[in-house]
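I opened the model to go through its strands, core and charged pairs. These are my entries, in the order of looking.

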Amino acid sequence: MVKTLILLILLFDGTLVKKEIKFSPSVSLKECYTQARAHRDSIAKYIGPEIKGSNQGWYLLDNTGTYHGFICE
């Protein structure tokens, strides 16, 4: 069972942010993945190579950085 979702965000100033979301009660790994994708989609937008070229990725909607993944613990 998973107790914490950690989102990995890299700000444009070089700061790595590890945003923690606690689950109470614990959730399954599948539910953690589902929550991670939903949260990613609410804070970031994927911009592909046709627009950004080699700088493609998940850009935060507030234009402060990029989303790089998550950890389910």
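**Notebook entries**

I am working with a predicted model, in which local features need pLDDT of at least 70, side-chain atom pairs count only at pLDDT 80 or more, and totals for chains, interfaces and linings use all residues. Residues are numbered from 1 along each chain as its sequence is written, and side-chain values use heavy atoms, with hydrogens and water left out.

I began with strand β1 (residues 2–11) and strand β2 (residues 16–27), which pair in the antiparallel sense over eight bridges. Strands here are DSSP runs of E, at least two residues; helices are runs of H or I, at least four; both are numbered from the N terminus. Pairing requires at least two DSSP bridges between two strands. I looked up Ile9 and found Val17 as its bridge partner in β2. Four residues lie between β1 and β2 in this hairpin. In the turn, Gly14 has a positive phi of about 95°.

**Core.** Next I listed the largest nonpolar core, which has twelve residues, including Ile9, Phe23, Val27, Cys32 and Tyr67. Such a core is a set of buried Ala, Val, Leu, Ile, Met, Phe, Trp, Tyr and Cys residues joined through side-chain atoms within 4.5 Å. β1, β2 and α1 (29–43) each supply at least two residues of this core. β1 gives the most, with four residues. I then checked Val27: leaving aside neighbours within four places in sequence, Val27 is in contact (heavy atoms within 4.5 Å) with Met1, Val2 and Cys32.

**Salt bridges.** How many salt bridges does a search of the whole structure find? It finds two. I counted a side-chain nitrogen of Lys or Arg within 4 Å of a carboxyl oxygen of Asp or Glu. One joins Glu20 and Lys22 at 3.4 Å, N to O. For accessibility, buried means under 20% relative accessible area, exposed over 50%, and partly exposed in between (1.4 Å probe, protein chains only). Glu20 is partly exposed at 47%, and Lys22 is exposed at 59%. Asp41 bridges to Arg40, with the closest N and O atoms 3.1 Å apart. Asp41 is partly exposed at 45%, whereas Arg40 is buried at 18%.

**Asp62.** Last, I located Asp62 in the loop between β4 (57–60) and β5 (65–72). Asp62 counts as exposed, at 52% relative accessibility. Its side chain makes a polar contact with the side chain of Thr64 at 2.6 Å. I took a polar contact as a pair of N or O atoms within 3.5 Å; within protein, one must be able to donate a hydrogen and the other to accept it, and residues adjacent in sequence count only if both atoms are side-chain atoms. Asp62 and Ala44 are 18 residues apart in sequence and 8.2 Å apart in space, C-alpha to C-alpha.
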